[in-house]
Amino acid sequence: MMSLRKYIVVKGNPILFPADLIHAEVAGKQNEVDSAGFFVVVKEKGRKRVICIGESTSLSISSIPETDQRLIANYLGLD
C-alpha cells in the first residue's frame, strides 16, 4: 500500500508533499491555489493510478478529483 500524501494545484501545476506538512504553509501567501487535498497511488491490473480525495482545511479548498488525478498522473509519468 502506498502512503497518503498531500497536494496543491497552483496555476495548473501540482505540488506534491508529505502528509505531515500543512497545505497553507506549502502554498505560501502569494500563490493562488486551484485545488488541494490528499492523494494516493494505487496499483490495479498492473497499472498505477492516482486517486485524489478530501480537502485542505487550512486553505478551505477542496480537491477536484477528475482534474487533479489527471494532473498528478501526468506529473508522475503514469499516464
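I started with Tyr7, which is buried at a relative accessible area of 0%; buried means under 20% relative accessible area, exposed over 50%, and partly exposed in between (1.4 Å probe, protein chains only). A note on what I'm looking at: this is a predicted model, where local features need pLDDT of at least 70 and side-chain atom pairs count only at pLDDT 80 or more, while totals for chains, interfaces and linings use all residues. Residues are numbered from 1 along each chain as its sequence is written, and side-chain values use heavy atoms, with hydrogens and water left out.

Next I searched the whole structure for aromatic pairs and got one. Rings of Phe, Tyr and Trp (its six-membered ring) pair if their centres lie within 6.5 Å; planes under 30 degrees apart count as stacked, over 60 as edge-to-face, the rest as tilted. The ring centres of Tyr7 and Phe39 are 6.2 Å apart and the planes sit at 70°, so I logged the pair as edge-to-face. Tyr7 is in strand β1 (residues 5–10) and Phe39 in strand β3 (residues 33–44), so the pair ties together parts 32 residues apart in sequence. Strands (E, at least two residues) are DSSP runs, numbered from the N terminus. I checked Phe39 too: buried, at 2% relative accessibility.

Then the backbone. Which residue has a positive phi of about 50° although it is not a glycine? That's Lys45, in the loop between β3 and β4 (47–53), and exposed at 85% relative accessibility.

I also noted Ser60, another non-glycine, with a positive phi near 55°. I found Ser60 in the loop between β5 (55–56) and β6 (61–62), exposed with a relative accessible area of 67%.

How values were computed. Helix = DSSP H or I, 4+ residues; strand = E, 2+ residues; numbered from the N terminus.
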